[in-house]
Structure formats: C-alpha cells, structure tokens
Amino acid sequence: MALTIDPARFTNLAVEEREDGIWIVTLNRPSKRNALDSHTVEELVEFFSNAPRAGVRAVVLAGAGDHFCAGLDLIEHHDEDRSPADFMHLCLRWHEAFNKMEYGGVPVIAALQGAVVGGGLELASSAHVRVMDQTAYFALPEGQRGLFTGGGATIRVTDLVGKARMIDMMLTGRVYQGQEAVDLGLCQYIVEGSSFDAAMDLARKAAQNLPLSNFAICSAVSHMQNMSAMDAAYAESVVAGVVNTQPDARARLAAFADKSAARVRRND
C-alpha cells in the first residue's frame, strides 16, 4: 500500500508536490542560513524514508533565501552542551537522513546557492545531482571551529574530491567556487541564472524515466561502490536482470526498434 506525504507535518522544511511526481523540499530557516538543527534532520529522515513508497518520482532539494545550507546549527550545539554520547547519536541521525537520500532510489537534485558549507556540503553530497549558481561556494571549516565532520563528509566529499583535497579543506578552510568547484566534482552543473530552475529541468527529465530504472540508478550504484569488484559485478548482473526485463520497458524498447524513439545526438 502506497504511503502519503502530508506537507503540513513539516515546519523546518517546506514540502510541495509539483507535476509528474516531482516534489520540492526546501530548507526553510533562512534567518539561520538554513543551518541544520536536530528538528530539521528529523524532518529529512521522515520525508526521505517515505518518498520511495509515496510515488515520488524526483526531488529538488533547495534552500530558502540566499544560502543553501551553512551546516550544523552551531548555536543549538553550543546551547545544548551535548555529551559525547548525545552528539554521537545526533550524528547517527544525520547519517540516517543522508543515507535515505543517497540509497533511497528516488533521484535527488540539489539546487545550490550561497553557502554550501560544513554539514551543508555533507547534505548536498548526499544528492545524486548538484546544480550551483554563480553565488554558491563550498567549504569545510570544521578545523577552525574546533570540530570534526559528523555527517559523512569523510565518505562522500572524499569520494568527490579525493582525500588530499578533503584534508586540505578541513585544515585550512579553503573555499571552492565557480568552475573550479565543478571541475573538482563538488557539483555537476553551474548555471548563470537560477540553480532552482535548472534543477527543476533535470528533475523533469529524471521523472520521465521508469521508476524501477531510477531506483536502480539511485540506489544500486552507491551500494556497488561499497563492494569488492567481484561482488559488484555479481550484484550489477542481478540488478540488470531485474530492471532490463521489466514489463514497463517493452513499449520503450519497441519504440527504439521501430525508430520512433528519440535518438542520442551530439550537442551542437
């Protein structure tokens, strides 16, 4: 039985359903530069836990105001004066939220502007596609704050930019922006105008794919990266056996066979 998502349940996230199964999830604490407090993380867990079973075809993840996300809510962290065990469990909830995004099987396209910093970069790196505008910048200032990453940067950001650059970012607070950020792999697209509009265009393309194909692309690839080469080859064969024989693909294959389907062309 399919689940339903009630947008009224969310307060720190603005959740909106659009056409063709596309949902907009907006971090909605602009006065805090959309810093992630514990309540926001719980709302991310809830939404992305339900999305695969609620008919969500694609998600655009955005931030209200001038910034995507400035990371951990340092004011909350200071005021809570957490014990080591308390903060460990908070980090585990971050991992729960971000794993639901990366492994959930629903395409997540992040629209980035302004600060994509610390935990905000950890959040963005959990998305499958990242689009930045000209204002976006990326940093991991944990070293300057007396902190260490706790939301997966050592895994996902290192996968994007490599160990040496990851350590450099944390040690020195180095900031990346513009085309350099794309070239390093921090995002896949940079646009002159609205990153949200560009992300919506990509979400519409992804939403046109068969859900089972998208599930495999947005889940199996990440799982296979965690396997040995032999295990990944076996898993890939099993997934391909299921996905490539799905009944819903027959019409698309027939359109390719009779030459009525669009062909892949070079960019002009």
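Which residues are linked with Asp201 in a network of salt bridges? Glu19 and Arg204 are, together with Asp201.

## Basis of the model

This is a predicted model: local features need pLDDT of at least 70, side-chain atom pairs count only at pLDDT 80 or more, and totals for chains, interfaces and linings use all residues. Residues are numbered from 1 along each chain as its sequence is written, and side-chain values use heavy atoms, with hydrogens and water left out.

## Salt bridges

Side chains of opposite charge can pair when their charged atoms come close. The criterion here is a side-chain nitrogen of Lys or Arg within 4 Å of a carboxyl oxygen of Asp or Glu. By this rule there are twelve salt bridges.

Take the network of Glu19, Asp201 and Arg204. Glutamate 19 meets arginine 204 at 3.0 Å, N to O. Glutamate 19 sits in the loop between β1 and β2, and arginine 204 in helix α9 (residues 195–207), so this pair ties together parts that are 185 residues apart in sequence. Aspartate 201 also bridges to arginine 204, at 3.0 Å, N to O. Aspartate 201 and arginine 204 are three residues apart in α9, about one helical turn.

For accessibility, buried means under 20% relative accessible area, exposed over 50%, and partly exposed in between (1.4 Å probe, protein chains only). Glutamate 19 is partly exposed at 35%. Arginine 204 is partly exposed at 32%. Aspartate 201 is partly exposed too, at 44%.

Another of the salt bridges joins arginine 18 to glutamate 16, with the closest N and O atoms 2.9 Å apart. Arginine 18 is partly exposed, at 30% relative accessible area. Glutamate 16 is partly exposed, at 38%.

## The six-stranded sheet

Helices (H or I, at least four residues) and strands (E, at least two) are DSSP runs, numbered from the N terminus. Two strands pair if DSSP finds at least two bridges between them. Six strands make an open sheet of mixed pairing, in the order β1-β2-β3-β4-β6-β9. Its edge strands are β1 (13–17) and β9 (189–190), each pairing on one side only.

Strands β2 (residues 22–27) and β3 (residues 58–63) run parallel and are joined by six bridges. Valine 25 stands opposite leucine 61 in β3. Helix α1 (residues 38–50) packs on the sheet and touches β1, β2, β3 and β4 (108–112). Contact means heavy atoms within 4.5 Å. The direction of α1 makes about 20 degrees with that of β1. Axes are lines fitted to C-alpha atoms, for helices over the stretch in contact, and angles run from 0 to 180 degrees between N-to-C directions.

Strand β7 (residues 137–139) runs antiparallel to β8, with two bridges between them. Tyrosine 137 stands opposite glutamine 177 in β8.

## Helix α11

Helix α11 (residues 229–243) has 15 residues. From first C-alpha to last, α11 reaches 21 Å, close to the 21 Å expected. The expected span is 1.5 Å times one less than the number of residues.

Its buried residues are Ala232, Ala235 and Val243. Down the axis of α11, the buried residues fall within an arc of 70 degrees, so they line one face of the helix. The arc is that of the directions from the helix axis to the C-beta atoms. The buried residues of α11 pack against α10 (211–225). On the other side of α11, Met230 and Tyr234 are exposed.
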